[in-house]
Amino acid sequence: MALIHKFVNDNERYVLDVNSGSVHLVDEFIYDMLDENALESLEDLKKRLSTADPVELEEAYGEILELKNEGMLYTEDLYEEIAQTDDGPDYVKALCLNVIHDCNLRCKYCFADEGEYHGKREVMSAEIGKKAIDFVIEASGPRHNIEVDLFGGEPLMAFRQIKEIVDYARLRELETGKNIRFTMTTNATLLNEENMAYLDKNMGNLVLSIDGRPEVNDKVRIRFDGKGSFQQIMPKIKTMVEQRDPSKQYYVRGTFTRENLDFYNDYKFLKDEGFDEISIEPVVLPNDHPLSLRWEDVPKIKEQYDLLYHDLLESHRKGEKVKFYHFNIDLSGGPCVYKRISGCGAGFEYVAVTPSGDIYPCHQFVGNPEYLMGNLTDGIKRQDLVDKFRKAHIYNKPVCRDCWARFYCSGGCQANNINFTGDINQPYELGCELQKKRIESAIALKSKILEEEQVDN
């Protein structure tokens, strides 16, 4: 099991202490001294680095030992026992509310079968939505905070029902003392003056879908009439962001496919259009899909992340506050231990509810009868599925437990693992490769920014 991870970014050498999350920017001499799996003895180092100055080597070794003693290098894993012995009750803290299985776009990469989720087109009634709110309040146990993501299809096609559901949730908050935070993912086609004001007031986060440059967006995000959606959605997204309360989150979210492996240019386009919260995420599709990412695409994709690193660093130096979603990382302490171990919590802390009231581990399993967990009338009946997802943490994934990135990706997306490998405990390898590059870039960016801020102060 790797205890440290060494990598080079922009000709600078970084060392990550895997278990503590400490990051060190080091010179070439220290970099060469460090072994990823264990700290060698001074005698062994002198043999391996026989041409090095012995005095310099001893001084550097002393500094390394000091960091080790301070718990910042070669620290031991303190989390496995927590993961393997945790047998407490399961509480649902987040809900994906599929308010509609229908969409007014026909995106070529849509995992949800153009909104149908491999079933029939249907809209969630307000009554089902209210039962879902009651369900998550009851299932949350002692938790105070609850997340509800309004999802589709295109959720604004069910705007009337959404307002009833949110109003009901606000009443239930007063009755129960819970705090329910709503978010929404929308393709922006139906945004108007009325619903924009409502969304700004009631949504803690808004994800606004657009794939970047007009020619890129219009190849894949297609309307019913076969035309691209860019001209329809860009003005609406701009208006929504302009009137967004600055204390609340939003993201303009794009997807890159084989059609736009130069996705840095889509990020740059969105940035130049005035957006400062941007996400461009890799498509996940079956290997035989014409838009799917392949292993031969990986070098090109990594080059794009390098370009993003340089752009974001330069933006910070200019005082610009632009953020790229996949580069957001906390070096001060990282996420909570349970998120580090189990990720999103799909199947036991997070579930999806369909318009008919069926319950699945997450929205990507909707329509797959093998993963139907229950329904709002009878509750969750498949405890075997709950147990399966709860136990699918990094320590039960052989590849993950030895991987330096395990506390940042938490074992990857469970749905992707199952879809690509047939095994929840076997990660989707191509996704892992891209994730590792993003993590390295994010660590380097945050470290460089902190270093420059310390110099300035």
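Here is a short walk through this predicted model, stop by stop.

Before you click, note that residues count from 1 along each chain as its sequence is written, and that side-chain values use heavy atoms, without hydrogens or water. As the model is predicted, local features need pLDDT of at least 70 and side-chain atom pairs count only at pLDDT 80 or more, while totals for chains, interfaces and linings use all residues.

**Stop 1: the hairpin**

Select residues 12-17 and 23-26, strands S2 and S3, which run antiparallel and are joined by 4 bridges. Helices (H or I, at least four residues) and strands (E, at least two) are DSSP runs numbered from the N terminus, and two strands pair if DSSP finds at least two bridges between them. Show Tyr14 and you'll find its bridge partner in S3, Leu25. The hairpin has 5 residues between its strands, and Gly21 in the turn has a positive phi of about 85°.

Now pick Ser20, in the loop between S2 and S3. Ser20 is partly exposed at 30% relative accessible area (buried is under 20%, exposed over 50%, partly exposed in between, with a 1.4 Å probe and protein chains only). Its side chain makes a polar contact with the side chain of Ser22, at 3.0 Å. That term means a pair of N or O atoms within 3.5 Å; within protein, one must be able to donate a hydrogen and the other to accept it, and residues adjacent in sequence count only if both atoms are side-chain atoms. Beyond four places in sequence, Ser20 is in contact (heavy atoms within 4.5 Å) with Gly71, Met72 and Thr75.

**Stop 2: the open sheet**

Next, colour the 11 strands ordered S12-S11-S10-S9-S8-S7-S4-S13-S14-S15-S16, an open sheet with mixed pairing. Its edges are S12 (323-324) and S16 (379-380), each pairing on one side only. At the S12 end, S11 (277-282) pairs with S12 in the parallel sense over 2 bridges, and Glu277 has Lys323 as its bridge partner.

**Stop 3: the cysteines**

Finally, show the cysteine sulfurs. How many disulfides are there? The count is 0, taking a disulfide as a pair of cysteine sulfur atoms within 2.5 Å. Cys400 is in no disulfide either, with the sulfur of Cys409 nearest at 5.6 Å. Buried or partly exposed: which is each? Cys344 is partly exposed at 46% relative accessibility, whereas Cys400 is buried at 6%.
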